[in-house]
Amino acid sequence: MPSTFCYTSTVMDPAFLAKFVLNGLIAGSLYAILALGLALIYGVLRFVNIAHGEIAITGAYAFYTFYILFGWPLIPSFFAAIAVLFIIVIIIEKCTFLPVRDAPPHIPLILSIGISLLLKNLLLLIYQPYARSLTTNVKSFAIFSDIIRITDIQIIILISSVVLMLGLWAFLKYTRSGKAIRAVSDNKEVAAILGINVNRTITITFLVSAFLAGTAGILAAFDQNLHPNLGTFFAIKAFAAVILGSIGSIPGAVIGGYIIGLAENLLIAIPFGNFYIPSSYKDAIAFFILLLILYIKPTDLFGKKAEEVIRN
Amino acid sequence: MPILKIQHLVKRFGGLSAINHCNFEITENSITSLIGPNGAGKTTMFDVITGLSQHDSGEIYFKENPIGALPAYKRCRLGIARTHQAIRIFPELTALENIMLAFKSNKESLFDIFTPFKKHQKKLKEKAFEYLRMINLHEKAHETAISLSYGQQKLLEIMRAVATDADLFLLDEPAAGVNRTMLHTIINIIKRLKQEGKTIVIVEHDMNFVMDLSEKVIVMDYGKEIAEGTPSEIQNNPKVLEAYLGVKHTN
Amino acid sequence: MDYFLTIATLILIFIILNQSYNLIIGYTGMVHLGHVAFMAIGAYTSAILTTAYGTPFWFGLLSGIILAALAGLLLGIPTVRFRDDYLVAATLGMGEIIKIILINERQFTGGSTGIPAIAPPDFFGLVLKNNFYLFIFTLVITALIMLFVWRLTHSPFGKTLEAVREDETAAKSLGKNTNLIRLQILIIGAGIAGLSGVLYAHTTQFIDPNVFDVHRMIFVLLQVVFGGSGTFWGPVVGTVTLFTVFETMRFLPLPPHIMGPMRWIIYSLILILIIIFKPTGIMGKKLVRKRL
């Protein structure tokens, strides 16, 4: 999410707006990928994994370690980072979430809060609270006849996001593990009766979610500087996206992600009469939108009837 | 006057009609059973009547008044009590506390904490003890509800409903999973409710239970009432037999 | 001596805060992650009124409590209907939004630098500058709050809170207006949190937005869960134990950039361990995990 802009024009011209739309799409892509990972965990375990943002950042730091600190090439760094992330997530899953599998849902929720704290502070301890940059030479391209500029990183983010989304869709629809995840999300007991290994499916879900989070984290780290506090930032946007798009819904997570990404970037660019929302409020926009929609319309974006969405 | 009237009731879940233009009436001070194959919409019917689930169209009349627009808690205050298929007691509260929460004269508003409630509570406690005595749980009054056996929890939930002093009781599978002694106790509770002028509607699969106890039986299938009548009329009704593909006598 | 008095006063203030949170999460079962925002509202209201507008302490105190309670009402109305996961997400955001507002509205709140030189509490001329008097004053207020919480949780209303926590559907079937009950306890909890905020501001005599961030919220959560959510003494045990642990860690001979994360690592491990092995907390009952 590119940092604050300096806008001198007070007239809304298309090039001006287009820049914000682009930023919105970039941010939205990252949020969508994050939200997907969150939605998957919610589907099988029925709780919001607060540690999701930290998992994304842990992946980014792992990548940073291999790519910058060890100097490995790009692709091996990526896979090494994901492998390390997988090991960490499996340890977390087996040691903490598995023992409380049958507890009421607020237990894993609080647990994930503890884990997010643990991960974040381990990162702070190891990597210190300095912003780190993953790349120094950014190639930027002009598109739409020089009206807006887009960097190579941003192109990669957009393409990767689409690839990941399609990949996830295919995985869920066509592979055995993917179908198992869908079955367990739908009804754990029935899935078990049908012979699906529920524990293994849950572990796989964690891994897929971590893969999505880690990749989003790595992509984001290229676009902006890496800092241990980024995890909380990501987590909040991802939740807002997931809730907005109807919790547990896969397509909803994607749509929610893009809505937040676009809204964040556009709402600070659009004049409301003479008034501009200050760009420092950008981070709050996600939640303002969420609270506004939840307040006005007690059903979520997909129009689920009130008592099925809200407490019963 | 029919204490409960359902007209053209519809409830959909996604594309499926769980209740499909259902109509029936329940006479006051009667014992009626609601039966039907699994998935017929019986528990959904209870959910919709009590307001835990919102119906999509149709009317619900309680004592001739439409209650469809009322939230669940208001409908219950009007005099409808309900037990659930999956037992819904308050697990970490004691048996006594479970019963006491049912009393309508509980001084449980927020502002009541500023008024003296000890004497009033004492009287309610004694009353609650009596209710527990009726189901032989008075010795376990101070144990948490979750530590009771399945059957005891079931009795507790039923007694808690009785303690609300409602006029209409909706019992969802009260006989499921209980042994003969407890079944006997439950039957006595129902008979006593009838004596006190209450109305009882029971959803059940245990056909002996249904046929022995009910004055009227309503059969549902695919969300719609398909037959109504006395137990013997229903037993010989070809539509009913068809719906069940052979009436089962459990126990 | 002064140092210990200040620590003791702070512990009391957080006992008040945590008892109010316990009402919401422990007794009523609402996993609410925006509680510290109410403390912030109380603190900032009183700080602004007394420093920028020169109002007397008692006015700042009352305004802080009332505004915090009002915030509880406004933020509560839409969210009490939400189920757990939605509630968590919405309230997590609330905390963040409040913090961002506090940082941005510089002319009122002093931005990230905060509000310095807040006067200690005074009662029509009797200024509580002495740490001992401040401690006694806070002790009295803490005792009053504890009495109030005791009365509330042992009343029939208190039982309806637990009924809502245990099984909301059953509570509705018994005619309880569960949304109203939740809203009421949220307002009360918010008001008490506001009170703790006012006391905090006038005791430490300096506040900034970082005091009321998500870390503080997690402290509160940990102290209540560790001590025993849903029990009367749980928040007291949790606050005293963990606050002491946290403060003593300050004296370890570690450089700050190591010690900061270390404290949090220890904290998070405590939270993780207690949730896995004794989720009901130190003062909580042994769990009979035989749910139907």
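View 1. C:I136 sits in helix α6 of chain C, which covers residues 131–153; helices are DSSP runs of H or I with at least four residues, strands are runs of E with at least two, and both are numbered from the N terminus. C:I136 is partly exposed at 33% relative accessible area (buried is under 20%, exposed over 50%, partly exposed in between, with a 1.4 Å probe and protein chains only). Together with C:F132, C:Y133, C:L139, C:V140, C:L144 and C:L147, C:I136 forms a nonpolar patch on the surface, with about 670 Å² of accessible area in total.

This is a predicted model, where local features need pLDDT of at least 70 and side-chain atom pairs count only at pLDDT 80 or more. Residues are numbered from 1 along each chain, and chains are lettered from A in the order in which they are written.

**View 2. Two residues of chain B with positive phi.** B:D165 has a phi near 60° and is not a glycine. B:D165 belongs to the loop between α5 (150–163) and β7 (168–172) of chain B. B:E173 also has a positive phi, about 50°, and is not a glycine either. The loop that holds B:E173 runs between β7 and α6 (180–195) of chain B. Which of these residues is buried, and which is exposed? B:D165 is exposed, at 52% relative accessible area, whereas B:E173 is buried, at 11%.

**View 3. Confidence in chain C.** The mean pLDDT of chain C is 87 (pLDDT is the predictor's confidence in each residue, from 0 to 100).

Notes
Side-chain values use heavy atoms; hydrogens and water are left out. Patches are made of residues with over 30% relative accessible area and no salt bridge: like charges are joined within 9 Å, nonpolar side chains (Val, Leu, Ile, Met, Phe, Trp, Tyr) within 5 Å. Accessible areas come from the Shrake-Rupley method with a 1.4 Å probe; for residues, only the protein chains shown count as cover. A salt bridge is a side-chain nitrogen of Lys or Arg within 4 Å of a carboxyl oxygen of Asp or Glu.
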